[in-house]
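Student: I would like to learn how to read a few features of a protein model. Could we work through some on an example?

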Amino acid sequence: MTVVPPAAGEPRRPDGPRNPGDAWVVAPSGERYWGRFGAAGLLAVDADRGILLQHRVAWSHFGGTWGLPGGALHEGERAIVGAVREAQEEAGVPDGSVRPRFTSVLDLGIWSYTTVIADVEAPFEPVISDPESVALEWVPLDEVDRRPLHPGFERAWPALRELLSVRPVVVVDAANVVGSVPDGWWKDRAGAARRLAERLRGLTLPGGEVELGGDDWFPGVSLVVEGAARGIDAPETEVEDFADLRLGGDVSVVEAEAAGDDAIVREVARQADAGRYVVAVTSDRELQSRVASAGAAQVRSSGWLLGLLGGTSR
């Protein structure tokens, strides 16, 4: 692998690179990949208008094709942050207008490209804000493959489109998860449930572990609480700029009016009936069987969830 700056007239902009990441990675076989530290692009999904595509200017790499707003990552930059930053620079995507749902990573060893699939929460009109775009358009899903697509996006699009209909949700048996760690939770059940709710914000699901495809998913969470844990508020996240991205859906608190197990089964059935890909979390074997029958696509233990959250409950 070698790293070389762009020639005159090549991306990132006509006057040359502005960041150390703006350089070509050249494989021993001669293929060139843009972004010394890898690259990322934003696939913004608007439920009514389709996805946001960029018509690339002729002087750019694969000029004249349609692809995603995106570009080279900065050194040490998270791919999700880099994808949104590039989309802001190239298409004027406003702060707080999109929420990442999952990522898909092409890793070639010497270079990687991360597609960040994000739902539009506040509709916006894209604005051409640098010389790399001829046009920016919302393109209906059925019309995407009618355009001359960037070769990399063209290869990725069929699998990405299939995953656009998938919306995971994690239904958590709060009492079972909290009770799996002997940390004094019984002295303050509501406080223990509240701490778990806070930790569930921005939960990341590895796609391979739950048979979803893609790489990292950022699901919504239904936290089912019972008894003394009822009455806690769902955690909120303030978004100040694109670096404070909210990931996935919100954490919703579902209060069991009577038996907690029955409320968990009802919540799993409700989410499954709504077309969600439900991952149910409990270590209770009888309840595991019940939620599977109610429509859970995956059933995982409390220990599995705590492992994703970084260890034992605090």
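Student: In which strand is Val 253 found?

Tutor: This is a predicted model, and in it Val 253 belongs to strand E15, residues 251-255.

Student: Is Val 253 buried, partly exposed or exposed?

Tutor: Burial is read from the relative accessible area, where buried means under 20% and exposed over 50%. Val 253 has a value of 22%, so the residue counts as partly exposed.

Student: Which residues does Val 253 touch, leaving out those up to four places away in sequence?

Tutor: Val 253 touches Leu 223, Val 225, Ile 232, Asp 233 and Ala 234.

Student: What share of the contacts in the chain join residues at least 24 apart?

Tutor: Counting contacts between residues at least 6 apart in sequence, 65% join residues at least 24 apart. The chain has 7 helices and 17 strands. Of its 314 residues, 49% are buried. The chain exposes about 14300 Å², and carbon and sulfur atoms supply 48% of that area.

Student: Now a helix. Which residues of H6 are buried?

Tutor: In helix H6, residues 285-294, the buried residues are Leu 287, Val 291 and Ala 294. They lie on the same side of H6 because they cover an arc of only 55° around the axis. On the other side of H6 are the exposed residues Arg 285, Glu 286 and Ser 293.

Student: How does one look for pockets?

Tutor: Rolling a probe the size of a water molecule over the atoms shows where empty space is left. In this model the largest pocket has a volume of about 810 Å³. Its lining has 35 residues, and those nearest the centre are Trp 111, Tyr 113, His 150, Gly 152 and Phe 153.

Student: Which elements give two or more residues to that lining?

Tutor: They are the strands E3 (32-34), E7 (70-72), E8 (98-107) and E9 (112-120), with the helices H1 (79-91) and H2 (151-163). H2 gives the most to the lining of the largest pocket, 8 residues. By class, this lining has 18 nonpolar, 9 polar and 8 charged residues.

Student: What is the volume of the second largest pocket, and which residues are closest to its centre?

Tutor: The second largest pocket has a volume of about 440 Å³. It is lined by 21 residues, and Arg 99, Arg 101, Asp 119, Arg 167 and Arg 276 are the closest to its centre. Strand E4 (39-46), E8 and E9 each give two or more residues to the lining of this second pocket, and E8 gives the most, with 3 residues. The classes in the lining of the second largest pocket are 9 nonpolar, 4 polar and 8 charged.

Student: One backbone feature to finish. What is the phi of Glu 211?

Tutor: Glu 211 has a positive phi of about 60°, although it is not a glycine. Glu 211 sits in the loop between strand E12 (205-206) and strand E13 (216-217).

Student: Is Glu 211 buried or exposed?

Tutor: Glu 211 has a relative accessible area of 61%, so it is exposed.

Technical notes
Residues numbered from 1 in each chain as written. Predicted model: local features only at pLDDT ≥ 70, side-chain atom pairs only at ≥ 80, totals over all residues. Heavy atoms only, no water. 1 Å grid on protein atoms, 1.4 Å probe; cavity = no way out; pocket = protein on both sides within 12 Å on 5 of 7 lines; lining within 4 Å. Points joined across faces, edges and corners; volume = space filled by probe spheres on them. Helix = DSSP H or I, 4+ residues; strand = E, 2+ residues; numbered from the N terminus. Nonpolar A, V, L, I, M, F, W, Y, C, P; charged D, E, K, R; others polar. Buried < 20%, exposed > 50% of the residue type's maximum accessible area, 1.4 Å probe, protein only. Contact = heavy atoms within 4.5 Å. Areas by Shrake-Rupley, 256 points an atom, 1.4 Å probe, with all protein chains shown as cover. Arc of directions from axis to C-beta.
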